[in-house]
Amino acid sequence: MSLEVLGITVLWIFLYGYLIVASIDFGAGFFAYYARITKREHIMSKLISRYLSPVWEVTNVFFVFFFVGLIGFFPDTAYYLGTALLLPGSVAIILLSIRGAFYAFGNYGVSNNTFFLFLYGATGLLIPASLSTALTISEGGYLNVTDNGVEFLAKELFTSPYSWSVVFLAIVSVLYISASFLTYYANRAEDNASRDIMRKFSLFWSAPTIIASFLVFIGLRRHNPGHFENALDLWWMFGLSFLFFAIATALVYFKKMYGLAFISVMLQFFFAFFGYGASHLPYIIYPYVTIEGSVVNETMGTALVIVFIAGLLLLIPSLFLLMRLFLFDADYIKGKK
Amino acid sequence: MELDSATLSRILTASTLMFHAIFATIGVGIPIFIMLAEFLGIKRKDPQLLILARRWARGYTITVAVGVVTGTAIGLQLSLLWPSFMQLAGQVIALPLFMETFAFFFEAIFLGIYLYTWDRFKNRWLHWLLTIPIVIGSTLSAFFITSVNAFMNFPQGFELVNGETVNIDPLAAMFNPATWPKVFHVVMSAYMTAAFILAAITAFAILRKKGTEYHKKALRITMIAGLVFAAGTALAGDLSAKYLAEHQPEKLAAAEWHFETETNADLILFGTINEDREISNAIRIPGMLSFLAGNSFDTEVTGLNEFPEDEQPPLWVHYAFDIMVGIGMYSLLIAGVFIILMLFKRFNEWNKPLLWGIVASGPLAMIAIECGWVLAEVGRQPWILRGYMRVEEGATTSGDVGIALAMFLLLYGVLAVFCVTVLIKMFKNRPPEAEVEKRYPNGTID
């Protein structure tokens, strides 16, 4: 495997990791707030915060990892995306900051502050929307590159049906992924009341998720026909994605094997996300940045790969420990520890 | 001053970094003290010390949260505000940037585990062991990110041929001559600042007549460690000065208002300077600058006049330098006095003026951190990459920096207010004694 393919694969895996853990986190914030205002807090909030508290910081790292890695492996992206994303990027950082800080203020500091929980829940839905603009911009058509630098065509972005379909997909996916996970988590905690609420949410958000996915495809066909053609060549990946969607929905509907259902959701997004990514290649930012043209020089690339492997050897056991203690420890989830 | 994109980008970057520096310094320093308190608590079977570790850790989580989010902000802002710089630097210093996120990841995982497993292990030492990866992770973060900053001061490990970066050596870039003195100084001063902040809070509690045996123990721990780390910081500062004299003389010369190259150069304390570069109201210590630069009065110190005018840093960095060094000396003094009084039984180390002096030392230490960073950063103007890229060349061409600046300033204001409010609320009316009583009703830890 060449260095640039290896690099982009590593980065894509991290972005996928972020997609899953952040979706659970963002959605959970929204559901926690929803539970508070519908006075069902005693049921759900405890459960949610038991899961979130030890992992919230880790979620953030996945994201930092992705963008530091992107600049490391493909420094040219810093130039194009850096200039283009100044405003949307700043908005995303500010939302992330508010969310992270107020989560800690609310959970470790003063508990039961509805305003903090509102900030936490609301930002959770806005962040995926603002982050998804980076993906939209990478499809081309929203940048004007001249000798004087890169100009971001904000108006084009805000009036583009494609960009709105991506935003829509981002938001509903967050709620769907999160609900699927929390259904499983509540079931493990033998918290049947929470499980039933989350199960309904999971089913409720499944339809918009799949509709939004199709909308994105239709939008892509008009916006970037080349990419659309590539995606058609990889039809089997999207087919597998749909298959796992069907399995997940069926399992949740028939109230069976919630763990397997969540794994199916993960696979559904895995295939869709990797199918999308693979069909986007060789472009990182269409048509200015390709993976071959922008890859960091070989010495640095090799050093990054070595560090990456060494880092994983350190992280995987640590993450395993974290999950053993908080995610797969039945007594902890049930609130006995 | 014209408010173009480059200037606005500088203001925004400076605001983010100065805000982040407060929390980053606390983030690097405090884990050492949590580790220390828990260690002593288990070893001496002292419930008070265990509660001390717990309370420090609880406050720490709040500051870590703000540190994490502002750290994420600066990480992204580097690319958003300085895209051309990151395009070039990404080729050369991606390695330490990447490693920093690993260190951060490592720390994040174990901090999460640590905070939620206080009573989960039968063997208390197992829980204490979790502090080791936290301390390692936070200190390594400081190391890697400081090496990036060192590279900007002393770029090496690459060549620029017709605008192309070639012959890249990632390790040479990372371990440049500026790295070790900088890292040593950053880590020592972070430990030191954490010590004085924790001490200041404790001394304040004692002055408010809420002090008990618990507070006295806390103050002794922080003051002894504070003295050690303040001495370490002074040593690191001396090494930094020697590094500057050898490799970055224009920064030292601007900080010391030293214009003509000469041996037996004077050290200038305080003072004012006018347009014609005439210094008044200053205290001159003959030959001391030469001594600082090379341990001998005969050391030749390069003057600022050797550099073209458009490559000279602004002269006001002298004030930042004086404040930083002055506070460093004050910290050594106050910790030294406290410990001497403590060691000789016939004195009273709990006297009011001394305690007020300790209360002042906390915020002062943080001011010193800010001044030190201002000196380090403004002292390498006009370069973003010394000798290679000027600040204006690295800045974004976007016209929206002004809006971003306004949004971020508002954010930092809100975060500051809430962070302080929440921290005060957390500890107010929750005396440690009650907590000891509640968790360890028998007065022992088992």
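**Figure 1. Lys182(B), a buried lysine without a salt bridge.** In this predicted model, Lys182(B) is buried (under 20% relative accessible area, against over 50% for exposed and in between for partly exposed, with a 1.4 Å probe and protein chains only), yet Lys182(B) has no salt bridge. A salt bridge here takes a side-chain nitrogen of Lys or Arg within 4 Å of a carboxyl oxygen of Asp or Glu. The nearest side chain of opposite charge belongs to Glu377(B), 4.7 Å away; Lys and Arg count as positive, Asp and Glu as negative, while His and the chain ends are not counted. Lys182(B) sits in helix H7 of chain B, residues 179-207. Helices are DSSP runs of H or I with at least four residues, strands are runs of E with at least two, and both are numbered from the N terminus. Setting aside neighbours within four places in sequence, Lys182(B) is in contact (heavy atoms within 4.5 Å) with Thr146(B), Asn149(B), Ala150(B), Asn153(B), Trp373(B) and Ala376(B).

A note on the model: it is predicted, so local features need pLDDT of at least 70 and side-chain atom pairs count only at pLDDT 80 or more, while totals for chains, interfaces and linings use all residues. Residues are numbered from 1 along each chain as its sequence is written, chains are lettered from A and ligands numbered from 1 in the order in which they are written, and side-chain values use heavy atoms, with hydrogens and water left out.

Figure 2. The structure holds 4 salt bridges over all chains. One of them pairs Arg99(A) with Asp25(A), with the closest N and O atoms 3.0 Å apart. Arg99(A) is in helix H4 of chain A and Asp25(A) in helix H1 (residues 3-37), so this pair ties together parts that are 74 residues apart in sequence. Arg99(A) is buried at 4% relative accessibility, and Asp25(A) is buried at 7%. Over in chain B, Lys217(B) meets Asp46(B) with the closest N and O atoms 2.6 Å apart. Lys217(B) belongs to helix H8 (residues 213-247) and Asp46(B) to the loop between helix H1 (5-43) and helix H2 (47-81), so parts 171 residues apart in sequence are tied together. Here Lys217(B) is partly exposed at 21%, whereas Asp46(B) is buried at 12%. Glu377(B), for its part, forms a salt bridge with Arg380(B), with 2.4 Å between the closest N and O atoms; Arg380(B) is buried at 5% relative accessibility.

**Figure 3. Aromatic pairs, between chains and within one.** There are 55 aromatic pairs over all chains, counting rings of Phe, Tyr and Trp (its six-membered ring) whose centres lie within 6.5 Å; planes under 30 degrees apart are stacked, over 60 edge-to-face, and the rest tilted. Phe102(A) and Phe418(B) make an edge-to-face pair, 4.9 Å centre to centre with 70° between the planes. Phe102(A) comes from helix H4 (residues 86-109) of chain A and Phe418(B) from helix H14 (residues 401-427) of chain B, so the pair joins two chains. Phe102(A) is buried at 3%, while Phe418(B) is partly exposed at 25%. Phe143(B) and Phe175(B) are tilted instead, at 6.1 Å centre to centre and 40° between the planes.

**Figure 4. Leu219(B) and Ile358(B) in the largest nonpolar core.** A nonpolar core is a set of buried Ala, Val, Leu, Ile, Met, Phe, Trp, Tyr and Cys residues joined through side-chain atoms within 4.5 Å. The largest has 238 residues, and Leu219(B) and Ile358(B) touch the most other members. Helix H3 (residues 83-115) of chain B gives this core its largest share, 23 residues. Not counting residues up to four places away in sequence, Ile358(B) touches Ala199(B), Ala200(B), Ala203(B), Leu219(B), Met223(B), Ile334(B) and Phe338(B). A second, separate core has 16 residues, among them Ala253(B), Trp257(B), Val317(B) and Val374(B).

Figure 5. Trp257(B) has a positive phi of about 50° although it is not a glycine. Trp257(B) lies in the loop between helix H9 (249-256) and strand E3 (267-269) and is buried at 3%. Phe270(B) also has a positive phi, near 55°, but Phe270(B) is partly exposed at 47%. The peptide bond from Gln381(B) to Pro382(B) is cis, with omega near 5°.
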